[in-house]
Amino acid sequence: MTTRTRGARAPLASVGLHLTLLGASVIAVFPVLWILLTSLKPAEHAITTDFVKDPTLGNYEYLLESSHFLSWFANSVLVAGVTTVLGVFIAATTGYAVSRFKFPGMKPLMWTLLITQMFPMAILIVPLYNLMGDLGLLNQPLGLIITYLTIAVPFCAWMMKGFFDTIPVEIDESGRVDGLNPFGTFWRLILPLAKPGLAVTGFYAFITAWGEVAYASAFMVGEENLTLAGGLQTFVTQYTSNWGAMSAASVLIAIPAAIFFVFAQRHLVAGMTAGATKG
Amino acid sequence: MAAHTSQSVAKAAGDGVENDAAARGRSRRTDSGNTRGLRRALATHWYAWAMIAPVVLVLGVIIGWPLVRGVYLSLTDANERNVARTIGARHIDATYEFVGLDNYTAVLGDPVFLQRLVWTVMWTVACVSITFTLGLVLANMLNRDFRGRAAYRMALILPWAVPGFVSVFAWRFLFNRDNGILNKILDGGGIAAIPWLDDPTWAKFSVVAVNVWLGVPFMMVALLGGLQSIPGELYEAAEMDGASAWQRFRHITLPGLRAVSMTVILLSTIWTFNMFPVIFLLTRGGPGDSTEILVTQAFREAFVSSPRDFAGSATWGVLILALLMIFALVYRRSLRKQGEVW
């Protein structure tokens, strides 16, 4: 469609197109931009509508020096990072097995992987909370990591199957001809080829853990144990609203995610919808 | 791939049962025959089984076991006072008791459940339909060839690049009654401030608006991918035959997007139904309980209300899961009736 030249589009239609897209873009960008601007305003001006008056880094200074932001950030990096690595590690061989072999138990497994992805956290949160309580893992990053694996593992396995499906089976066959067993084929031939897929899967697992709110709010208490999702809530509560610190924290949380995102987003959609559209 | 899994569970489970029964039957007759069969199966499939073992183990331990326990808790009267806990060095054993289906009759008999269910369904339908429509419109626009396309595309996916909870806080700031920019803009136009988050109806409007804002980019990118996979020749041929733009959209674009649409609608329905952060962080289910959906209600039972009602929360959880499974089955059946492979 894009290759067709449509010189015939009426000027009015063209204006309409641009106006609509411009309007939509403003709605999409404005909230983010407004938070960025607010973060640069002195705390006492946070709620004014001036675009930028007396821009300052005061909010950032406050955030880094007088709040627990850095420990929240470290907690989030730790929890999301370990979840990602473990999730990808545990799920990789399964993604490969369900992509390549037909074996008894495969259908129930695929079905389980699909169902668990639509599990509401509501069904697991209480038992997991009690379990973590019994094990003394509440308020510990480890407890949250184990909990997040319930989300990451089925998801990673499912998504990686999609990526392995895109690698031609002939490569496996040539590996077998060269005398490699399935593990060898997987490890030496397929895994290196699937690196971009692993990266995207890992990225998505990371982002999911980075942005998780429910478990993080329930399992982590006490200022310095919080992750970012919990920490940000402390700036704006029923009683206090420190919008300046909130906006500065938002910017610092969003920037790394957004940078990664811009690189990965094309593959993200492909991976997510591949599973269901490639019949 | 989904074609494989779409063979119904009942059938898959049924196969398993039959195999087991057959195996047991055989083992009673000839033990050696059975072991030989097992050995052969092991020899053929052990690679596959070894490869899936880590996931099966993890799923069993951290999903299967808590799931079973969750269902069990929903049949007890567990709350924060009677579960096992450790205070200092003292360990107190659990004293909660099995109460059968009492929790279910209590929840289902309470008008609150119906209220939550109705609002959850309204919320899901509103969010998904608006998100899908906007996504479709924007994707169609971006699929044309014009100057500035890349810039618009970049701008429009921005909401997706920001972690959800950050965006929700941003919106809370914009929606703020006295100091939020939205009301200041309205004020500039001489319009009285709108209690975005403090009035039940406006709060409902606001949570839907934010969720749509969050969801449109994914929808748009997915549908744009779908559009780009429709061969351009189809449009050329239709244009030759004198089809209008609307006819081309109806008879080429929509059918061409079918597979992608079905997938993203299913995904976003499930996501929206379970969308915890938007409601929890924007309104906390309030004002009052007007925006509380089923998932936030389950959370409230166990972690907000006092005393914390673990059994009640588990009951809500089981009910939500049951609703979603029914939905998924009905959705798939209706697709199959229309001859869709999925």
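Let's start with R177(B), which is partly exposed, with a relative accessible area of 41%. Keep in mind that we are looking at a predicted model. What does the side chain of R177(B) meet in a salt bridge? Its partner is the side chain of D198(B), at 3.5 Å from N to O. This pair links distant parts of the chain, 21 residues apart. R177(B) sits in the loop between α7 and α8 of chain B, while D198(B) sits in the loop between α8 and α9. D198(B) is partly exposed too, at a relative accessible area of 43%.

Staying in chain B, E239(B) forms a salt bridge with R248(B), and here the closest N and O atoms are 3.9 Å apart. Are these two buried or partly exposed? E239(B) has 34% relative accessibility, so it counts as partly exposed. R248(B) has 10%, so it counts as buried, the cut-off being under 20%.

Now over to chain A. The side chains of R100(A) and D172(A) meet in a salt bridge, 3.0 Å from N to O.

R100(A) has another partner for us to look at. The side chain of S99(A) makes a polar contact with the side chain of R100(A), at 3.1 Å. S99(A) lies in helix α3, which covers residues 69–100. Its relative accessibility is 16%, so S99(A) counts as buried. Leaving aside residues up to four places away in sequence, S99(A) touches K161(A), F164(A) and D165(A).

Let's zoom out to where the chains meet. In chain A, 104 residues are in contact with 102 residues of chain B. Between them the two chains bury about 9,500 Å², with 78% of that on carbon and sulfur atoms. On the chain A side, helix α12 (residues 243–277) gives the largest share, 18 residues. That side divides into 69 nonpolar, 25 polar and 10 charged residues.

Last, a look at chain B as a whole. Its secondary structure comes to 15 helices and two strands, and buried residues make up 47% of its 342 residues.

Conventions:
Residues numbered from 1 in each chain as written. Chains lettered and ligands numbered in written order. Predicted model: local features only at pLDDT ≥ 70, side-chain atom pairs only at ≥ 80, totals over all residues. Heavy atoms only, no water. Helix = DSSP H or I, 4+ residues; strand = E, 2+ residues; numbered from the N terminus. Buried < 20%, exposed > 50% of the residue type's maximum accessible area, 1.4 Å probe, protein only. Polar contact = N/O pair within 3.5 Å; in protein donor to acceptor, adjacent residues only side chain to side chain. Contact = heavy atoms within 4.5 Å. Buried area = accessible area lost by both parts, 1.4 Å probe. Nonpolar A, V, L, I, M, F, W, Y, C, P; charged D, E, K, R; others polar. Salt bridge = Lys/Arg side-chain N within 4 Å of Asp/Glu carboxyl O.
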